[in-house]
Amino acid sequence: MDTDEPGFDDFVAATHDLYTAMRRNRGRLARSESDLTLSQLGLLDAVVTHGPLLVGQIAAHAGVSGPSATRMLKQLEHDGIVVRQRSAGDERKVVVDLTEHGRDRVERQRRALRAVQRAHFAALTPEQRATFVDVLRRMAVMIGHWSEI
């Protein structure tokens with residue numbers, strides 16, 4: 001590695017392991033509970049959280065390009081998970097919302113994830129819970145800044 005600072009290599013390895021485990025396991029859970037990919041859920045999470053959105057807004061929330069979002073949303077529309085409609089104010093823009101079927105699939109995945117999280121939370125002491133939450137929040141901020149480099 002590129003530093004002699006004690007613990008830095010362990011920090012890098014642990015951060016990588018955390019990211020890999022979260023992505024891999026969220027992907028597996030998404031597939032098993034909703035039959036959606038993690039990328040598709042990223043798009044749908046934006047709509048669940050913020051309501052009907054323009055395709056560009058969904059892409060920005062999910063961290064994907066507009067063309068990628070459009071392609072995935074067309075497939076989700078074909079599968080009956082979302083509805084896409086031209087904006088009443090500007091027909092060049094497309095507004096996306098979840099169908100009832102789509103909302104059910106996303107909520108099923110979210111419930112399954114929360115059940116697993118609840119079981120792990122219950123295994124921690126109150127002190128461990130507080131420390132864990134603090135570290136996770138700090139990591140989220142740090143990781144958010146890594147893209148600025």
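Reader: At roughly how many degrees do the axes of helix α1 and helix α5 cross?

Author: In this predicted model, helix α1 covers residues 8–34 and helix α5 covers residues 100–122. Their axes come within 9 Å of each other, and the angle at which they cross is roughly 130 degrees.

Reader: Is α1 parallel, perpendicular or oblique to α5?

Author: Angles over 145 degrees would count as roughly antiparallel and those from 65 to 115 as roughly perpendicular. The crossing angle here is roughly 130 degrees, and that makes the relation of α1 to α5 oblique.

Reader: Which residues of α5 make the contact with α1, and is the crossing left-handed or right-handed?

Author: The crossing of these two helices is right-handed. On the side of α1 the contact is made by R26, L29, A30, E33 and S34, and the residues of the contact, taken over both helices, divide into four nonpolar, two polar and four charged. On the side of α5 the residues asked for are R105, R108, Q109, A112 and L113.

Reader: Which residues of α1 are buried, and against which helices do they pack?

Author: Within α1, the buried residues are T15, G27, L29, A30 and S34. These buried residues of α1 pack against α2, α5 and α6.

Reader: Why does T15 count as buried, and which residues does it touch?

Author: T15 lies in helix α1, and T15 counts as buried because its relative accessibility is 10%, where buried means under 20%. When residues up to four places away in sequence are not counted, T15 touches M139, I143 and W146.

Reader: How far apart in space are M139 and T15, C-alpha to C-alpha?

Author: M139 is found in helix α6, residues 126–146, and with a relative accessible area of 11% it is buried. Not counting residues up to four places away in sequence, M139 touches F11 and T15. In sequence M139 and T15 are 124 residues apart, while in space the distance is 8.6 Å.

Reader: Which residues of α5 are buried, and what covers them?

Author: The buried residues in α5 are G102, R105, V106, Q109, A112 and L113. What covers these buried residues includes α1, α2 (38–50) and β3 (94–98).

Reader: How do α2 and α5 cross, and which residues meet there?

Author: The axes of α2 and α5 come within 11 Å and cross at roughly 100 degrees, which makes α2 roughly perpendicular to α5. By class, this contact has four nonpolar, two polar and four charged residues. The residues that meet are L41, L44, D45, V48 and T49 in α2 and R103, V106, E107, Q109 and R110 in α5.

Reader: Which residues of α3 and α4 make their contact?

Author: Helix α3 (residues 55–62) and helix α4 (residues 66–78) pack with their axes 9 Å apart at an angle of about 105 degrees, and they are therefore roughly perpendicular to each other. The residues of this contact divide into five nonpolar, two polar and no charged. By name they are V55, I58 and A59 of α3 and G66, A69, T70 and L73 of α4.

Reader: With which residues is S87 in contact?

Author: S87 is found in the loop between β2 (82–86) and β3, and at 15% relative accessibility S87 counts as buried. Leaving aside neighbours within four places in sequence, S87 is in contact with K93 and V95.

Technical notes: Residues are numbered from 1 along each chain as its sequence is written. This is a predicted model: local features need pLDDT of at least 70, side-chain atom pairs count only at pLDDT 80 or more; totals for chains, interfaces and linings use all residues. Side-chain values use heavy atoms; hydrogens and water are left out. Axes are lines fitted to C-alpha atoms, for helices over the stretch in contact, and angles run from 0 to 180 degrees between N-to-C directions. Helices (H or I, at least four residues) and strands (E, at least two) are DSSP runs, numbered from the N terminus. Angles under 35 degrees count as roughly parallel, over 145 as roughly antiparallel, 65 to 115 as roughly perpendicular and the rest as oblique. A crossing is left-handed if the near helix is turned anticlockwise from the far one by less than a right angle, and right-handed if clockwise. Contact means heavy atoms within 4.5 Å. Ala, Val, Leu, Ile, Met, Phe, Trp, Tyr, Cys and Pro count as nonpolar, Asp, Glu, Lys and Arg as charged, and the others, Gly among them, as polar. Buried means under 20% relative accessible area, exposed over 50%, partly exposed in between (1.4 Å probe, protein chains only).
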